Amino acid sequence: MIACPCEVCASPDLRDKRFRCSALLENGNSRVLIDCGPDVRQQLLQTGIDDLDAVVITHEHNDHIIGLDDLRPFIFKRKAAFPIYAEPRVQEEIKRRFAYAFAKNPYPGAPKFELIDLNIGEEIKIGSLPPIIPLRVMHGSLPIAGFRVSSTAYLTDVKHVPDESKAALQGLDTLVTSLLHHHEHHSHMNEKESVAFAKEVNAKQTKFIHMSHLAGFHESIEERLPPNMRLGYDGHVIEVK
Ligand SMILES: [Zn+2]
Ligand SMILES: [Zn+2]
Ligand SMILES: [Zn+2]
């Protein structure tokens, strides 16, 4: 965190340098980004990818959408409006925050976005990727989207998971889900809640994401987690079936 003197922010362990969360799904030449936060430019530069097919958005908070403008190189390369899958409420927020991109006569260099409805439970099919299934999760009082793709699920900013979504999380190889820190929070699960949720889902492995610096050191959190639960970190690659 900017201007924070805490020992986690000063840690030499690269896994304690936490950019805002995004995930890149890749199969062959098909690539979809889940969320697009303020660090997305550095994150995408590090992947070295030269094309992207679409973005799917979990919710409208800045740390999940404010990097959309930085996708310009992909947009210009494709010479077509860039597909963004988001729920209607989230689309309205994207239009507000990137008003210049949706103006009647946009500046010629403005990015072109194509907003596509994301409906809970309705499969999104992109290129050679397996269907992406949006699931409902609750971010405090805000209903947001999580995703199941084949035997992997990606849920972030979770406080509560409705039963029908839990039912859709059975038989997972990999659960990716958020863990903020160990304090009580109105819209995020804390460490205890995230571990209990992961135990309930019972995926073969769980990767926690979206940790705050208040969560502590990567290494010390992992020491107290069950062996099949680990922390994700920037640049972490997970091979899935
Ligand atoms: Zn700090
Ligand atoms: Zn959020
Ligand atoms: Zn967030």
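First, the conventions. Residues are numbered from 1 along each chain as its sequence is written, and chains are lettered from A and ligands numbered from 1 in the order in which they are written. Because the model is predicted, local features need pLDDT of at least 70 and side-chain atom pairs count only at pLDDT 80 or more, while totals for chains, interfaces and linings use all residues; side-chain values use heavy atoms, with hydrogens and water left out.

I start with the zinc ion listed as ligand 1. Its protein donors are C4 (SG), C6 (SG), C9 (SG) and H213 (ND1), at 2.0 to 2.3 Å. A donor here is an N, O or S atom within 2.8 Å of the metal (3.2 Å for Na, K and Ca), and since water is not among the atoms, sites may look incomplete. Along the chain the spacing is C-x1-C-x2-C-x203-H. The 4 donor atoms subtend angles of 105 to 116°, so the arrangement is tetrahedral. For four donors, tetrahedral requires all angles between 85 and 135 degrees; four count as square planar and six as octahedral if opposite donors are over 155 degrees apart and all others between 65 and 115, and anything else is irregular. For reference, ideal angles at a metal are 109.5 degrees for four tetrahedral donors. C6 counts as partly exposed, at 23% relative accessibility. The classes are buried under 20% relative accessible area, exposed over 50% and partly exposed in between, with a 1.4 Å probe and protein chains only.

Next, the pair of zinc ions. Ligand 2 and ligand 3 are 3.5 Å apart, and D157 coordinates both. H59 sits in the loop between strand 3 (54-56) and helix 2, and H139 in strand 6 (residues 132-139), so the two tie together parts 80 residues apart in sequence. Helices (H or I, at least four residues) and strands (E, at least two) are DSSP runs, numbered from the N terminus. Both H59 and H139 are buried.

Ligand 3 takes D63 (OD), H64 (NE2), D157 (OD) and H210 (NE2), at 2.1 to 2.2 Å. This site is irregular as well, with angles of 94 to 157°. H64 is in helix 2 (residues 62-65) and H210 in the loop between strand 10 (205-209) and helix 7 (218-224), 146 residues apart. H64 is buried at 0% relative accessible area, and H210 is buried at 15%.

Now helix 4, residues 88-97. Its buried residues are V90, Q91, E93 and I94. They pack against helix 2, strand 4 (82-86) and strand 5 (113-117), contact meaning heavy atoms within 4.5 Å.

Last, salt bridges: a side-chain nitrogen of Lys or Arg within 4 Å of a carboxyl oxygen of Asp or Glu. The count comes to 19. R224 and E191 meet at 2.8 Å, N to O. That pair links helix 7 with helix 6 (residues 191-201), 33 residues apart. R224 is partly exposed at 46%, whereas E191 is buried at 10%.
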